[in-house]
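This briefing goes through the sheets, helices, cores and selected loop residues of one protein model. Please keep the sequence and the 3D view open while reading.

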Amino acid sequence: EQIELDGEWILPGFVDGHIHLREPGYVEKEGIETGTAAAAAGGVTTIVEMPNTTPPVLDVDRLEEKAARFARDSHVDHAFFGAITEENVGTGNIEALAEAGITAFKTFMATSFGPLLMDDKGVLYRAFEEVSDTGLPLYIHAEDEEYLDEFTTRCKDQDGMDAFFDSRPPIAETTAVSDVLDMVEATGAETVIAHVTTAEALSRIRDGRADGLPVHAEVTPYHLTFDRSDVAAIGTAAIGTPPARDSQNFEGLWTHLRNGDVQLLGSDHAPHRLEERDQPPLEVPPGMPQLETAVPAMLEAIDRGRLSVEKLVELYAESPARLHGLYPRKGTIRPGADADLVVVDPDREWEVDATRFESAADYSPFDGMTLTGMATAVYQRGTMIAKGGETVSEPGDGIRLS
Ligand code: NCD
Ligand code: ZN
Ligand code: ZN
C-alpha cells in the first residue's frame, strides 16, 4: 500500500505502558473492544494493561482469562500487568505471573479505583524483595494513605473543587516517593513511580537515579496539560488522581522533563461513566479516558515549543517498549521491523468531541478544546488500523506480545 505524505511525519506506533480497561468487571465503563479501539484511534499501537480489573490479576488463572478476552476483542497489540497486594505476597503467585509473561507489576500505596491497596509498609517491603527476584519492573501508585486519610477527613465538609485538591496534598506524594526510594535502595527492584505530579518528587527521583538506583519517573499528558486552576475551571469531568497541582509544580514538571528527569510518558487511561462524574468532587471516581487525546496533547505541546518530537518518541514509544521488554519485538529482526507506524499531521487543528470517542467514556478534560496535531493514519504490523481518528481494524486484530 502506498502512503502519500505532504508535510506529515512518520513516527513509530506509540507504546502506552500504563492504561486501565474495565473488563472483566465494569464493561460499561470500558471494555477491551472499546478501549483498544480508542488506542488505535489515538495512534497507540501497543498497550500494557493494568491489573486493577474486577477481579484483579493476582494469579495466572486470571491473567489467562483476561488474555483470552483480549485475543478475541483487542484492536491493538498488548501485554499485561500483574497485581501485587497483601493477598498474593509470599504465595508464589508473583513468580508464577512473571513466568506466565506479564511485563510489569503494579501496586497501590493509596486508595484508587478497584480492590487493590497495599498500605502496610512491611508487606510492601516483602513485595519489593519478591519483585526484585523476578527481574520485572514494579509500577507503584505512590501517595501515602495516612496523609490521604487525614486530609480527606479534614476536607469532608468542604464544598467545591478545593475539597478534592486538598484531600490529596503534594506531601502525600513526596512522602511516599521517599519511602519507595528507600525500598528500591534496599532491594534493588526496578521501579517506576507512576503519574508523578510534583517537582519535589521528580527532584528526589533524579537524585536517586544519580546515586544509581533503578528508578524511573512516569508523567501523564494530563498533568503536562492542566494545572489545578484549569481543572477547577473545567469542573468534575477534569478531576484526575493524583490531582493536577499548582502552576509552580506544573512548570516544574516541564522543567524536569526538559532536563532529562522524566523517563516515561503513560496516559493512565482510566475511564468511568459520564454520569459518575456528576457528583460532589470528593465522590468522583478516579480516572479519565486519555487514549484518544494523549498523542494530540503532546503534539500540541510540540506545536507550542515545549517538547521535541524526538523526546516524545523516546518517552512514549522507545522507553516504555524497552522497560516492558517489548523492544525489539519477539521474533523480529530489528526494532520497527514489523511496521507499527503512525502518520502524524502536526498542523491539523481539530476540536475534541468526547461524544465521538471510540472509548465508552463520553467525557474528557480536553472536551471542546482545539488541539493542533493528530494521528491521521495508524499502522499495526503494516496494516492500517485507524484513519482520521477513527478505528478501521477488527476486534481480535491485536496480538499478545509477551
Ligand atoms: C486509576 C483507575 O481508575 O483505575 N485511576 C486514576 O485515577 N488514575 C488507577 C490509578 O492509576 O490510580
Ligand atoms: Zn495510580
Ligand atoms: Zn493508573
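Which strands does helix α4 (residues 121-134) lie across, and at what angle does α4 run to β6? Helix α4 lies across β5 (104-108), β6 (138-141) and β7 (191-193), and its direction is at about 155° to that of β6. The model is predicted. There is an open sheet of eight strands with parallel pairing, and an open sheet of five strands with antiparallel pairing.

**Parallel sheet**

- The strand order in the eight-strand sheet is β2-β3-β4-β5-β6-β7-β8-β9.
- At its edges are β2 (14-19) and β9 (264-265), each of which pairs on one side only.
- Strand β3 (residues 44-49) runs parallel to strand β4 (residues 77-83), and four bridges join the two.
- Within this pair, Glu49 is placed opposite Phe80 of β4.
- On to β5, strand β4 is joined by three bridges, again in the parallel sense.
- Here Ala83 is the residue opposite Lys106 of β5.
- Seven of the seven residues of β4 are buried, so the strand is largely enclosed by the rest of the structure.

**Antiparallel sheet**

- The five strands follow the order β1-β10-β11-β12-β13.
- Both β1 (9-12) and β13 (390-391) are edge strands with a single partner strand, so each has one side without a neighbour in the sheet.
- Four bridges link strand β11 (residues 370-380) with strand β12 (residues 383-387) in the antiparallel sense.
- Tyr379 has Met384 in β12 as its bridge partner.
- Helix α12 (residues 294-303) packs on this sheet and touches β1, β10 (341-351) and β11.
- The direction of α12 makes about 125° with that of β11.

**Nonpolar cores**

- The largest nonpolar core contains 98 residues.
- Phe14, Ile84, Phe105, Phe128, Ile193, Leu312 and Tyr316 are the residues with the most contacts inside this core.
- Helix α12 gives the most to this core, with seven residues.
- A second, separate core has twelve residues, among them Val48, Phe81, Ala104 and Ala194.
- Neighbours within four places in sequence aside, the contacts of Phe105 include Phe81, Gly82, Ile84, Ile94, Leu97 and Ala98.
- Phe105 is also in contact with Val131, Thr134, Leu136, Pro137, Leu138 and Tyr139.
- As general background, nonpolar side chains in soluble globular proteins tend to be buried together.

- Helix α13 (residues 309-323) has 15 residues and spans 20 Å from its first C-alpha to its last, close to the 21 Å expected at 1.5 Å a residue.
- At Leu315, α13 bends by about 35°.
- Buried residues of α13 include Lys311, Leu312, Val313, Leu315 and Tyr316.
- Further along α13, Ala317, Ser319, Pro320, Ala321 and Leu323 are buried.
- In helix α6 (residues 160-167), the buried residues are Met161, Ala163, Phe164, Phe165 and Ser167.
- These buried residues of α6 pack against α5 (145-155) and α9 (228-234).

**Two loop residues**

- Pro55 is located in the loop between β3 and α2 (60-73).
- With a relative accessible area of 37%, Pro55 is partly exposed.
- Pro55 and Gly25 are 30 residues apart along the chain, and their C-alpha atoms are separated by 6.8 Å.
- Residues up to four places away in sequence not counted, Pro55 touches Pro24 and Arg62.
- Ile239 is found in the loop between α9 and α10 (247-258).
- Ile239 has 0% relative accessibility and counts as buried.
- Sequence neighbours within four places aside, Ile239 is in contact with Met161, Phe164, Tyr222, Val231, Arg277, Pro281, Val284 and Met288.
- Met161 and Phe164, two of these contacts, are among the buried residues of α6.
- Between Ile239 and Ile205 there are 25 Å in space, C-alpha to C-alpha, and the two are 34 residues apart in sequence.

Technical notes. Residues numbered from 1 in each chain as written. Chains lettered and ligands numbered in written order. Predicted model: local features only at pLDDT ≥ 70, side-chain atom pairs only at ≥ 80, totals over all residues. Heavy atoms only, no water. Expected span 1.5 Å × (residues − 1). Bend = angle between axes of the 7 residues up to and from the residue. Buried < 20%, exposed > 50% of the residue type's maximum accessible area, 1.4 Å probe, protein only. Contact = heavy atoms within 4.5 Å. Pairing = 2+ DSSP bridges. Axes fitted to C-alpha atoms, helices over the stretch in contact; angles between N-to-C directions. Core = buried A, V, L, I, M, F, W, Y, C linked by side-chain atoms within 4.5 Å.
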